[in-house]
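Subject: Structure for you to look at

Hello,

Please find the structure below, followed by notes on what was found in it. Keep the viewer open while you read.

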Amino acid sequence: MTSVTIAPGSADISAAPRITGSGKGRAWAYVARKAGLLLLTLWAAITLNFILPRLMPGSPADAALAKLAQNGPVSDATKAAIEAQLGVPTGNILEQYVAYLHQVVTLDFGVSYTFYPQSVSELVSTALPYTLVLVGVVTIIAFVLGTLLGVLAAWKRGTWLDTLPTLAGSFASAFPYFWTALLLLFFAGYVGRLFPTSGAYGPTASPQFTLGFLGDAIYHAALPALTILITSLGSWILGMRNTMISTIGDDYVTFAEANGLKPRTVALRYAARNAILPNLTSFGLALGGVVGGSILVERVFGYPGIGYLLFNAVTNQDYPLMQALFLMITVSVLIANFLVDILYGVLDPRTRR
Amino acid sequence: MSTQSIPPSTRAVRAIEEASIAPAPSPLKVVLRVASTVWSNGKARIGIIILGLMILIAVFAPLLAPYGARQNGFDRSADASAAHWLGTTAAGEDVLSQLIWGAQISIFVGLVAGLLSTVIAVLVGLSWGYVRGFGADVINFIVNLFLVIPGLPLMIVIAAYLSGGGIGMIIVVVVITGWAWGARVLRSQTQSLRSRDFVTAAVFSGERPFRIVFREILPNMTSLIVGNFFGAATAAILAEAGLEYLGLGDTTVVSWGTMLFWAQNSNALLTGQWALLFAPGLCIALLATSLTLINFGVDGISNPRLREGSKR
């Protein structure tokens, strides 16, 4: 796909900023409009999550009962009891919808079919920290490193500092990233025996805030972290490089150069500062994607985060868990999107029209 | 006013019109010209050669593969040998044969899903770019919803609800999650084209909106649409591999994705069968890379400035 970065409001950039109206009033109107859009999108996503399982053949309850039936015939009484226990929806579609909305608002998603009797909320809160720390930290590192390398590539255009990361970045996007993970796991984990091959901590450790456990956790997170870094770095470099190249051509950069400013000052304080806006948008979205962004990597390394939990839920047809996870992943992306829009409005007043 | 003699200015316009209407190039000629433009780009040429080879391998799989895709009974988890160039799987199947047969699935899914997403993207993107008012707002909301909902989780969840479906299910899932981006890109291009003079001229000459959008505006976006197709096909191939690696879809079908699924589930990592891990992933990467390379040449179709060798 041709890399077209569509930043919010980028279409409006050529339009002259409106001068009428008080600045503060317009800013609040902008926030209110974005907030309204967020609420509407949230409602649509929540409703989609409600409709999806009902559009599909076979009900979740049937799947759960089929699994139980493997151990012997299920009597009607047992069936009713199990349905009540699992919180199988009753009543007509409207009542189900109201009950579902109530569940969403109170964050009560019932019990997991697979990890019965643990509740969905318990499972999610156990898994969430692992994903947040692993993917969150790596995303921040990749963004900072990739942006700096992108600035360098654009500034030294045509040299190896430019061609090498650009080529690598273009091809990294064509590689299945779970394959990169598999190869790393095979060579560094199984053949080289440098890193553990699965899990978030050793078999003897238990989660606690001690130096020993933290060291063990970092050791276990090294390979998944490396995979995410390798596979995501390229797009940050490319994104920053491409916007930077177009800002370098702008008049104010030429003017700054003509004024005899140091090249480093021109690169960082003039060109990069303006070029970073679209990249910042992607960064916000990437942070929103942290929650659900590493499903394949977590699967490869058996890392007990949100992605691995979703994988388990899906393979075991654990519908309550799956619904809750999908909702959580979507909502975090939507909220990140909203925050990015607001931030963009603050950084680039032209978008607040 | 009575209609007597036609003013000279109108006559001049008619003359120009007649000259420009003169024989439209035949579709075959257009395709050939597009192909030669893409071929003239060095990177794209490499991509076309790789893709062509892969398609040949897929088509002639019955002749090329030494054994059947699911033919088992050989030594289990064997290393590479003269009889089995890439070794065998844990179920005693020939890895090389699976690799050759597997090409069919990846290429089929990539091309079909890429085509379907592109068709939806064109239909939605162009009409969205042309209409104004409430209709545009509604489409805007729907497309943004599909853009903002994370793709892979959505794919996984839909695939889970449609459990038991095979290749068809994977194509449906990939298309549902993959059309929105193209629609958005095509819409912005439509918006910028609709204010051009030739569109205004078409409106004043009384052409219907449908014809304006699909006969006047669409041909100007050929490279965007072709580029969108290759981009969507690449995404589809990677998504299909990912879904099959997770064991969603039909795991008894032999494809590069399911090969990786079985490789991890039968502990190919432990038994040290690097070929079984390495080869399918490399094939997926090669196929996706070839499409990405072709896209470098596609940019030149409707913008001669981007053609290789042409000076700006």
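**Confidence**

Chain B has an average pLDDT of 82, with 88% of the residues scoring at least 70; pLDDT is the predictor's confidence in each residue, from 0 to 100. For chain A the mean pLDDT is 79, and 82% of its residues reach 70 or more. This is a predicted model, in which local features need pLDDT of at least 70, side-chain atom pairs count only at pLDDT 80 or more, and totals for chains, interfaces and linings use all residues. Residues are numbered from 1 along each chain as its sequence is written, and chains are lettered from A and ligands numbered from 1 in the order in which they are written.

The complex as a whole is given an ipTM of 0.78 and a pTM of 0.81 by the predictor. Residues 1-20 of chain A stay under 50 in pLDDT, and the model has 32 contacts for them beyond four places in sequence. Two residues are in contact if their C-beta atoms, placed from the backbone, lie within 7 Å. Where pLDDT is low, the predicted coordinates should not be read in detail.

**Chain B**

Chain B has 14 helices and zero strands. Helices (H or I, at least four residues) and strands (E, at least two) are DSSP runs, numbered from the N terminus. Of its 312 residues, 44% count as buried. A residue is buried if 20 or more other C-beta atoms lie within 10 Å of its own, exposed if 12 or fewer, and partly exposed in between, with C-beta atoms placed from the backbone. Among the contacts in chain B between residues at least 6 apart in sequence, 73% join residues at least 24 apart.

Helix 7 of chain B (residues 151-161) is largely enclosed by the rest of the structure, because 11 of its 11 residues are buried. Among them are B:Gly151, B:Pro153 and B:Tyr161.

**Where the chains meet**

The contact takes 40 residues from chain A and 40 residues from chain B. On the chain A side, the elements that give two or more residues are helix 1 (23-55), helix 6 (160-172), helix 7, helix 11 (295-301), helix 12 (306-315) and helix 13 (319-347). The residues of that side divide into 30 nonpolar, nine polar and one charged. Here Ala, Val, Leu, Ile, Met, Phe, Trp, Tyr, Cys and Pro count as nonpolar, Asp, Glu, Lys and Arg as charged, and the others, Gly among them, as polar.

**Two leucines of chain A**

A:Leu185 sits in helix 7 (residues 177-191) of chain A. It is buried, because 24 other C-beta atoms lie within 10 Å. Leaving out residues up to four places away in sequence, A:Leu185 touches A:Tyr190, A:Thr197, A:Leu223, A:Val300, A:Phe301 and B:Leu269.

The largest nonpolar core has 166 residues, and A:Leu325 is one of those that touch the most other members. Such a core is a set of buried Ala, Val, Leu, Ile, Met, Phe, Trp, Tyr and Cys residues joined through C-beta atoms within 7 Å. Not counting residues up to four places away in sequence, A:Leu325 touches A:Val124, A:Ile306, A:Leu309, A:Leu310 and A:Ala313.

**UniProt record**

An unreviewed UniProt entry lists "transmembrane region" for parts of chain A, including residues 35-52 and 217-238. Residues 35-52 of chain A are 100% helix and 0% strand, with the end C-alpha atoms 25 Å apart.

Regards

Definitions and conventions. UniProt positions are given in the numbering used here, feature names are shortened, and annotations may be inferred rather than shown by experiment.
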